[in-house]
Amino acid sequence: MTDATKIVTRFAPSPTGFLHIGGARTALFNWAFARHHGGTFLLRIEDTDRARSTQEAMDAILEGMNWLGLEADGEVFYQHANAPRHVEIAEQLLAAGKAYKCFCTPQEVEAMREKARAEGKPPRYDGTCRPDGDAVKHVEGAPFVVRFKAPQSGETVIDDAVQGRVATANEQFDDLILLRSDGSPTYMLSVVVDDHNMGVTHIIRGDDHLTNAARQAQIYAVLEWEVPQFAHIPLIHGADGAKLSKRHGALGVEAYRDMGYLPEAMRNYLARLGWSHGDDEVFTTAQLVDWFGLEAIGKSPARFDTEKLDNVNAQHLNRADDANLVAETIALNGALADFAAPLTVAMPLLKERATRLPDLAADAAFLAAKRPIAVDEKLQNHLNDENLPHLAALAQKLADLQDWSHDAIEAVMKAYMETNELKMGKILPIFRAALVGSSQSPGIFDVLALLDKTEALARLNDQITR
């Protein structure tokens with residue numbers, strides 16, 4: 001591969017489940033690397049295992065990619081559709097003596113593995129059908145698989161862009177199956193053929209595929225195809241250092257969407273799981289594309305931390321366009337559609353307090369609340385006989401106010417509290433109960449200013465005269 005070669009990356013998930021966090025990060029790294037170099041990012045669905053592949057999983061992958069904004073170039077590739085080409089290459093290797101027919105039954109192969117285990121050796125196929133000079137095992141009419149004739153001496157070396165030089169002694173490999181007994185190709189063959197046919201120059205994936213890379217490099221070598229640049233990225237662990245699982249929050253991408261995370265925040269956070277640019281923690285997608293490189297990917301497992309994700313999302317929310325956030329908030333609470341104007345005014349304040357999108361909807365709910373306001377049980381005790389006279393007195397002073405603004409409202413209420421030697425902690429909960437009915441809202445001076453004056457006074461009077 002020369003410096004002038006156009007970069008082509010691919011994300012190749014198996015459609016057997018949702019698009020999980022690890023897969024989403026792999027997709028992001030491939031996308032960002034291709035975009036940084038002005039190259040091509042491809043999506044291939046590895047659905048050769050037809051029994052386990054589901055349409056639901058395919059849809060979840062495509063929806064997850066779309067939500068994350070990781071658009072692929074060109075049409076989606078489906079691996080099973082290229083099966084005839086995979087078979088053709090296997091037959092080519094067979095004809096060239098680089099592969100052979102194996103007539104061993106599954107029971108015989110299992111016996112070989114058991115024998116190896118008993119001898120303290122790795123369980124694997126022992127090469128019974130491997131051609132040795134002119135002696136070739138052949139059982140007329142019997143089913144067979146096609147095995148790759150792997151090198152038995154020397155070593156296979158992968159110069160990995162992340163892991164560095166990785167050498168594996170060839171004696172550790174057995175002869176892997178290329179075609180099953182039903183004639184269908186296996187993953188190890190299909191992935192090599194597809195990556196070659198698609199012109200993939202860089203294979204960026206989890207380091208659990210590192211052993212596969214050596215086997216695939218052997219296939220590239222006998223086919224005399226150029227080997228792509230491998231980059232095996234460390235896996236993601238939980239905050240406790242254990243392998244990431246559902247208990248750590250390892251959910252499908254769509255779950256994070258539904259919880260109210262922004263796609264730009266997810267891109268930011270996923271990028272920082274293993275890759276870094278100095279001390280930058282929060283950045284735009286444009287900056288990610290501008291900065292991204294394989295050399296900045298670490299070798300140690302990254303740790304998924306929901307609190308850090310929340311922090312990153314909160315900062316992206318604070319930077320987000322107000323009009324977009326208004327639309328998102330109304331989508332979560334349709335009752336706010338009739339209050340778009342005050343919601344727009346409130347948004348700069350609301351987004352400063354929010355961690356995720358549902359926080360915006362919850363904080364803004366008071367705008368659309370119906371009278372009389374339903375008061376949470378925890379706030380009911382503030383609307384007692386001792387406090388209601390203060391509520392009535394302040395309601396009258398607010399009614400006389402000509403300038404219905406945050407600062408004017410604050411001045412009137414603070415003057416009353418000073419005159420009557422009252423603290424904020426005494427008065428504000430009374431107003432929160434009367435105006436909002438819950439503890440979920442911006443500050444009371446903001447609530448009063450954002451509500452229409454008539455509406456605000458009506459809510460106060462509902463509690464005063466109840």
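Helices (H or I, at least four residues) and strands (E, at least two) are DSSP runs, numbered from the N terminus. This is a predicted model: local features need pLDDT of at least 70, side-chain atom pairs count only at pLDDT 80 or more, and totals for chains, interfaces and linings use all residues. Residue numbers start from 1 along each chain as its sequence is written, and side-chain values use heavy atoms, with hydrogens and water left out.

Figure 1. Along the principal axes, the C-alpha atoms fill a box of roughly 110 × 50 × 35 Å. Of the 466 residues, 47% are buried (under 20% relative accessible area; exposed is over 50%, partly exposed in between; 1.4 Å probe, protein chains only). The chain exposes about 22300 Å², and carbon and sulfur atoms supply 49% of this area (Shrake-Rupley method, 1.4 Å probe; for residues, only the protein chains shown count as cover). Contacts (heavy atoms within 4.5 Å) between residues at least 6 apart in sequence join residues at least 24 apart in 75% of cases.

**Figure 2. Arg44 in strand 2, residues 40–45.** Arg44 is buried, with a relative accessible area of 1%. Its side chain makes a polar contact of 2.8 Å with the side chain of Glu46. A polar contact is a pair of N or O atoms within 3.5 Å; within protein, one must be able to donate a hydrogen and the other to accept it, and residues adjacent in sequence count only if both atoms are side-chain atoms. The side chain of Asp195 also makes a polar contact with that of Arg44, at 2.8 Å. Beyond neighbours within four places in sequence, Arg44 is in contact with residues including Phe11, Pro13, Phe77, Val191 and Met198.

**Figure 3. The hairpin from strand 6 to strand 7.** The hairpin joins the two strands through 3 residues. Strand 6 (residues 155–160) and strand 7 (residues 164–169) pair in the antiparallel sense over 6 bridges; pairing requires that DSSP finds at least two bridges. Ile158 stands opposite Val166 in strand 7. Thr156, Ile158 and Asp160 form the covered face of strand 6, and Glu155, Val157 and Asp159 the uncovered one.

**Figure 4. Helix 6, residues 210–223.** From first C-alpha to last, its 14 residues reach 20 Å, close to the 20 Å expected at 1.5 Å a residue. The expected span is 1.5 Å times one less than the number of residues. Helix 6 is mostly covered, with 10 of its 14 residues buried. Among them are Arg215, Ile219, Tyr220 and Leu223. Just after helix 6, Glu224 takes a positive phi of about 60 degrees.

**Figure 5. Phe283 in the loop between helix 8 (263–271) and helix 9 (285–291).** Phe283 is buried, with a relative accessible area of 1%. Leaving out residues up to four places away in sequence, Phe283 touches Asn268, Ala271, Arg272, Trp275, Leu288, Trp291, His316 and Arg319.

**Figure 6. Helix 19, residues 453–464.** Asp452 caps the N-terminal end: a side-chain oxygen lies 2.9 Å from the backbone nitrogen of Thr454. Buried residues of helix 19 include Leu457, Arg459, Leu460 and Asp462. Helix 15 (388–399), helix 17 (424–435) and helix 18 (444–450) are among the elements that cover the buried residues of helix 19.
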